Amino acid sequence: MHRKAAWGPEGSSFLSGVGMGQGFCREAAPGSRENEGAGSRKWTRKQKMAETEDLVGLEPYSVDSDLFKEPMKKRRRSDRDQQFWAFPSMEQSALKEYEKLESRTRRVLSNTYQKLIQSIFLDDGIPNGVKYLINRLLALIEKPPLDPIYIGLLGSTGAGKSSLINAIIQQAMFLPVSGESICTSCIVQVSSGCCEQYEAKIHLLSDQEWKEELKNLTKLLHGTEELGEEADTWDRDDAMDEATWKLQMIYGTGAESRKYEDLLRAKPKGKIPTSRIITLKAEEAGELSIKLDPYIRTQRRDRAEESAETRIWPLIKYVEVTLPKSALIPAGVVLVDIPGTGDFNSKRDEMWKKTIDKCSVLWVISDIERVSGGRAHEDLLNESIRACQRGFCRDIALVVTKTDRLHLPEYLRERQVGNQAIQSHREAVLERNETIKLERSGILKEKLKRKLPADSKVLEAAHLVYTVSAQEYWQQAFLTEEETEIPKLREYIRKSLLDKKRRMVTKCVTEAFGLLVLADSFSSTENLSNEHLLMSGLRHFVEEKTELLEKAIEQCFAHIERPLQEGVWMARTSYRRILGACLVRSRGNQGFHQTLKAVCLKHGVYASRTLARIDLNEAITRPMYDQLDPVFGGIFRTGKATGSALMPHIDAFKHSLQEKMAEIGIRNGWKYDSYKKSFLIQEISAILGGLEGYIIRKKRRIYESLTSSVQNDLKPCYEEAAQITGRKACERMKDIIRRGVERQVAEGMFERAQERMQHQFQQLKHGITEKVKASITTMLTLASSQGDGLYKDLADVKSEYKEMEKLHRSLREVAENAQLRRGMQDFLMGMSPSKAGPPK
């Protein structure tokens with residue numbers, strides 16, 4: 001059961017982003033075991049919790065018997081050691097130091113928490129400062145050691161995503177592989193854990209989600225019988241073909257001609273668990289692979305019989321695969337095989353987009369034969385760049401697969417680079433790989449520069465393009481293991497996790513030290529006479545700086561107005577051409593009727609696993625995004641302060657407050673060598689640091705506001721077009737769409753989209769300033785509340801404070817040791833002899 005927020009002023013929900021989101025009490029169910037033996041003690045505590053309602057405006061909570069249990073279970077030493085298997089010895093040493101720091105910090109926090117919890121129930125009141133402290137302590141204790149790093153592999157059919165994952169995890173043929181047809185039918189997440197078994201969890205669409213898709217599938221197929229003599233001219237296009245196949249898989253032959261109501265009453269051919277989750281376990285990778293194959297491999301239509309497993313394939317939403325402890329892929333990394341275009345089902349398509357957005361790294365996978373000029377490849381690259389704009393993505397790379405495929409005579413005939421004579425197949429492959437890296441890196445960098453700020457971190461990446469060969473990784477017929485570049489991708493994964501662990505532990509230890517400074521300072525009566533006057537002056541300073549921050553944010557967001565206006569003009573002058581390109585096919589309407597109907601049923605968006613993704617809303621707003629993208633990326637970038645960047649203004653606000661704290665601390669001689677000043681400075685960082693997550697979450701909604709606005713305006717014409725059946729249905733649907741777009745443009749559709757985005761920016765501005773005001777007020781109240789209530793009666797936490805002080809000092813030593821190891825590693829690699837050549 002999740003604990004709810006116990007204390008916090010109204011409007012301070014932002015504190016969940018900085019560790020304030022959880023309390024330490026929860027209500028036990030009446031008559032439950034948790035209430036047995038509570039006796040009169042429960043009533044006393046309940047009265048005490050009721051006090052908090054008057055103080056902070058939240059509902060009180062009773063306390064169950066779990067109260068005095070340690071919030072976080074300790075991990076066994078063997079588990080901690082085994083999670084480092086994937087790292088070289090020097091990196092293992094650094095991780096063990098970070099792990100030790102984190103473990104000791106959690107123990108100190110837990111001890112402090114236990115002492116405070118027991119002591120506050122011995123008194124009649126619970127001061128606000130203690131409530132704040134306990135919430136922050138518990139949030140840090142229960143915070144996961146490390147949020148997973150999601151690495152998304154985004155590629156079209158047959159690009160080699162599954163083969164690449166198999167090579168990275170060292171399990172040949174684990175995920176289904178085929179270069180000729182669609183293999184992986186859904187999103188598959190692969191990670192390593194601490195278990196001894198291989199495990200897969202297959203998540204199915206809920207009953208309601210399937211009903212929604214079933215209704216759309218039957219609508220899509222309905223009406224073809226009314227085409228009469230024209231029926232022969234309609235090829236079974238992708239949309240109709242897929243709809244027919246899905247219904248046949250679930251309900252059997254002939255299901256495609258049955259009505260929606262009939263199919264709702266029909267019993268599916270496959271067994272569907274009520275939990276909508278299927279769990280598979282195995283001792284060996286091959287065993288799980290065999291069990292998993294029917295669920296995630298797109299089934300062929302020429303099979304005479306289908307198993308119960310394959311029957312439910314259309315219901316599968318996504319699959320989670322957990323491997324045992326790995327010596328190659330560290331725990332905490334999730335490799336995500338993402339189908340290239342999404343899915344016609346709205347929930348699966350929504351998950352496709354959300355999965356892309358939660359990936360901090362995106363690898364666009366393209367095979368060597370389609371890396372130049374392929375439309376699908378370019379579309380996915382654009383989707384990755386959009387993910388950088390709207391989501392958590394911080395790094396993009398192009399991974400070129402199947403680089404072992406080379407016809408040597410043809411290559412030598414067309415070769416136009418280098419003077420050195422090519423003597424072997426290996427030399428030709430390596431030369432071509434370097435040429436591709438040079439060419440594609442330049443093209444990708446220019447593309448990123450047009451869309452992203454010039455100082456974006458992705459542009460500083462050491463490698464923008466990788467050239468890999470999964471087949472050669474296994475065979476090594478002419479390339480070494482290192483030359484296949486699979487080890488290079490593993491190294492990237494390890495370093496990403498190591499860097500994230502370092503940042504997480506640094507933040508954890510620093511915040512923990514600040515909380516222990518606070519806990520120890522509560523018993524102090526030093527300088528209390530000056531506190532009120534001191535904090536009054538500080539509040540006035542904060543008010544002034546907050547007003548300046550609000551003006552800076554306003555000026556920052558004002559940079560969006562001109563590109564938006566220019567984008568509106570560009571969209572108004574080009575929407576007919578763009579819409580025409582989307583609606584007209586070179587071969588006419590043949591094979592396009594049901595596809596267009598699918599587009600209308602999904603309000604302008606059709607995602608197919610075999611065709612390029614169709615999104616009319618995105619297409620006609622693309623001219624607006626072309627003008628907007630560079631400025632939008634500039635607003636949400638990090639780095640040096642500029643007029644258009646948001647975060648540097650917040651950082652400047654933070655530094656001004658911290659400098660003021662330092663000045664006050666020196667002038668007033670706060671105790672413990674200015675540790676109270678250190679606490680206040682640290683709390684400002686923690687509180688304002690939580691804003692970054694809030695801003696990133698809002699960023700996606702702001703970025704997508706243009707397309708969602710246009711989609712909302714065009715929804716009536718899509719719904720009208722979706723109802724068209726009979727003769728010349730395709731042309732009639734096109735006419736309805738064209739007329740609907742024309743009407744909405746005349747009524748100001750693009751201008752409304754502009755206004756809605758500007759409104760979203762204003763909402764973000766108000767959200768930031770309100771959260772800053774509430775959080776700083778809370779912090780200042782806390783800082784000036786030493787004499788309030790019964791602080792002097794709190795448990796003595798001096799021993800925990802001193803231990804935390806030592807751990808805080810150890811941070812610098814750990815960082816220095818890690819830097820020394822990196823230097824030594826670089827030196828040894830530079831001195832080592834060259835790798836041996838490939839086998840002949």
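Let me begin with the aromatic cluster that is formed by Phe557, Tyr625, Phe632, Phe636, Tyr703 and Phe761. What we are looking at is a predicted model, in which local features need pLDDT of at least 70 and side-chain atom pairs count only at pLDDT 80 or more, whereas totals for chains, interfaces and linings use all residues. Residues are numbered from 1 along each chain as its sequence is written, and side-chain values use heavy atoms, with hydrogens and water left out.

Over the whole structure, the search returns eleven aromatic pairs, where rings of Phe, Tyr and Trp (its six-membered ring) pair if their centres lie within 6.5 Å, and planes under 30 degrees apart count as stacked, over 60 as edge-to-face and the rest as tilted. One of them is the tilted pair of Phe174 and Tyr198, at 6.5 Å centre to centre and 45 degrees between the planes. Phe174 lies in the loop between helix 5 (161-168) and strand 2 (187-192) and Tyr198 in strand 3 (residues 198-204), so this pair ties together parts that are 24 residues apart in sequence; helices (H or I, at least four residues) and strands (E, at least two) are DSSP runs, numbered from the N terminus. Phe174 is buried at 3% relative accessible area, and Tyr198 is buried at 12%, buried meaning under 20% with a 1.4 Å probe and protein chains only.

Turning to the cysteines, the search finds zero disulfides, a disulfide being a pair of cysteine sulfur atoms within 2.5 Å. For Cys393, the closest cysteine sulfur is that of Cys388, at 3.7 Å, which is too far for a bond. Cys393 is buried, at 2% relative accessibility, and Cys388 is among the buried residues of helix 12.

Notes: Buried < 20%, exposed > 50% of the residue type's maximum accessible area, 1.4 Å probe, protein only.
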